[in-house]
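Me: I would like to go through this structure and ask where its labels come from. Please set each value against its cut-off.

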Amino acid sequence: MTLVWGIIASFLYVEIFVVLLLVLPLRSPQQWHRFFKSRFLAMLSRQAQTYFYLLLAVLVLFLLEAIREMRKYSSNDHSHTETHLNVEMQHSMRLFRAQRNFYISGFAIFLSLVIRRLVSLISGQAVLLAQAEASMKQAQSATSAARTLMSQQKDGDKKADAKDKPAGGDAPNTDELKKKIADLEQELAKERKDKEAMKSQSESLNREYDRLTEEYSKLQKKITVSSADKTSHYTFYLSVE
């Protein structure tokens, strides 16, 4: 493996480690969101999009180079296998290397996109959880305020009945309290609807997160099986030699 492909393979291993960190429940979405919004990452994020597309373009170039090598060595005609056994072995080794490079560059590109999507999903989930918590606190405060107004209204009614006075002078205050209670109940209902909407959106984000995790597991199994097949094929040719 050359130095360039060694660097790309190391980058692929780092991507696998980062995906495992994001997928495993080691930290909460709020903690990941605070980490993503830290000063160090904020300084890097100014040029992060440019670096990401540049890295993606380089990986695509290496992927195209690997595809070209695969087509080059797979289209060679080896009609005289007995006479040119060494040449055929060399072509087989080069074809194996081209296929290995194809898998390395292809999965490096795929994991780059997966990491970017996971970061956006985790950040969105953290924002939704924060909004849901704020809405819950606001709804609880509105409920406590409504209960306080209702208890004050009951106390006022009891005092009015005890003094046996006409309620004509207190009618405006009572109407005003009822209006405030109605407004608070409407606000509480609105907050509950917002909370339900945020909860459904958070559940959809969790489902998308689980789907990406499952897809990543399937692809990792696929590359493991493919690497095992190519290694056995390469071992067989070496034993023939």
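Me: Which helix holds Ile 67, and why is Ile 67 called partly exposed?

Reply: Ile 67 is found in helix H4. Helices (H or I, at least four residues) and strands (E, at least two) are DSSP runs, numbered from the N terminus. Buried means under 20% relative accessible area, exposed means over 50%, and partly exposed lies in between (1.4 Å probe, protein chains only). Ile 67 has a relative accessible area of 31%, so the label is partly exposed.

Me: What kind of model do these values come from?

Reply: This is a predicted model, in which local features need pLDDT of at least 70 and side-chain atom pairs count only at pLDDT 80 or more, while totals for chains, interfaces and linings use all residues. Residues are numbered from 1 along each chain as its sequence is written, and side-chain values use heavy atoms, with hydrogens and water left out.

Me: What makes Val 60, Leu 61, Leu 64 and Ile 67 a patch?

Reply: Patches are made of residues with over 30% relative accessible area and no salt bridge; like charges are joined within 9 Å, nonpolar side chains (Val, Leu, Ile, Met, Phe, Trp, Tyr) within 5 Å. Val 60, Leu 61, Leu 64 and Ile 67 form a nonpolar patch on the surface, with about 330 Å² of accessible area together. Accessible areas come from the Shrake-Rupley method with a 1.4 Å probe, and for residues only the protein chains shown count as cover.

Me: How do you know that Glu 65 forms a salt bridge with Arg 68?

Reply: A salt bridge is a side-chain nitrogen of Lys or Arg within 4 Å of a carboxyl oxygen of Asp or Glu. The closest N and O atoms of Glu 65 and Arg 68 are 2.7 Å apart, so the pair meets the definition. Glu 65 and Arg 68 are three residues apart in helix H4, so about one helical turn separates them. At 33% relative accessibility Glu 65 is partly exposed, and so is Arg 68 at 42%. Glu 65, Arg 68 and Glu 69 are linked in a network of salt bridges.

Me: How many salt bridges does the structure hold, and which residue pairs with Arg 211?

Reply: The structure holds five salt bridges. Glu 215 pairs with Arg 211, their closest N and O atoms being 3.5 Å apart. Both lie in helix H6, four residues apart, about one turn of the helix. Glu 215 is partly exposed at 31%, as is Arg 211 at 43%.

Me: Why is Lys 218 called exposed, and how does Glu 214 count?

Reply: Lys 218 has a relative accessible area of 54%, so the label is exposed. Glu 214 has 49% and therefore counts as partly exposed. Their side chains meet in a salt bridge (3.7 Å, N to O). Lys 218 and Glu 214 are four residues apart in helix H6, about one helical turn.

Me: Why is Ser 112 called buried, and what does its side chain join?

Reply: Ser 112 has 8% relative accessibility, so the residue counts as buried. Ser 112 lies in helix H5 (residues 85–163). A polar contact of 2.5 Å joins the side chains of Ser 112 and Glu 15. A polar contact is a pair of N or O atoms within 3.5 Å; within protein, one must be able to donate a hydrogen and the other to accept it, and residues adjacent in sequence count only if both atoms are side-chain atoms. Contact means heavy atoms within 4.5 Å. Leaving aside neighbours within four places in sequence, Ser 112 is in contact with Phe 11, Glu 15, Phe 52 and Leu 59.

Me: How do you know that Thr 213 is buried or exposed?

Reply: Thr 213 has a relative accessible area of 18%, so Thr 213 is buried. Thr 213 is found in helix H6 (residues 171–240).

Me: What makes a nonpolar core, and which residues have the most contacts inside the largest nonpolar core?

Reply: A nonpolar core is a set of buried Ala, Val, Leu, Ile, Met, Phe, Trp, Tyr and Cys residues joined through side-chain atoms within 4.5 Å. The largest one has 28 residues, and Leu 12, Val 19, Leu 22 and Leu 118 have the most contacts inside it. Helix H1 (3–23), helix H4 (48–74), H5 and H6 each supply at least two residues of this core. H5 gives the largest share, 11 residues.
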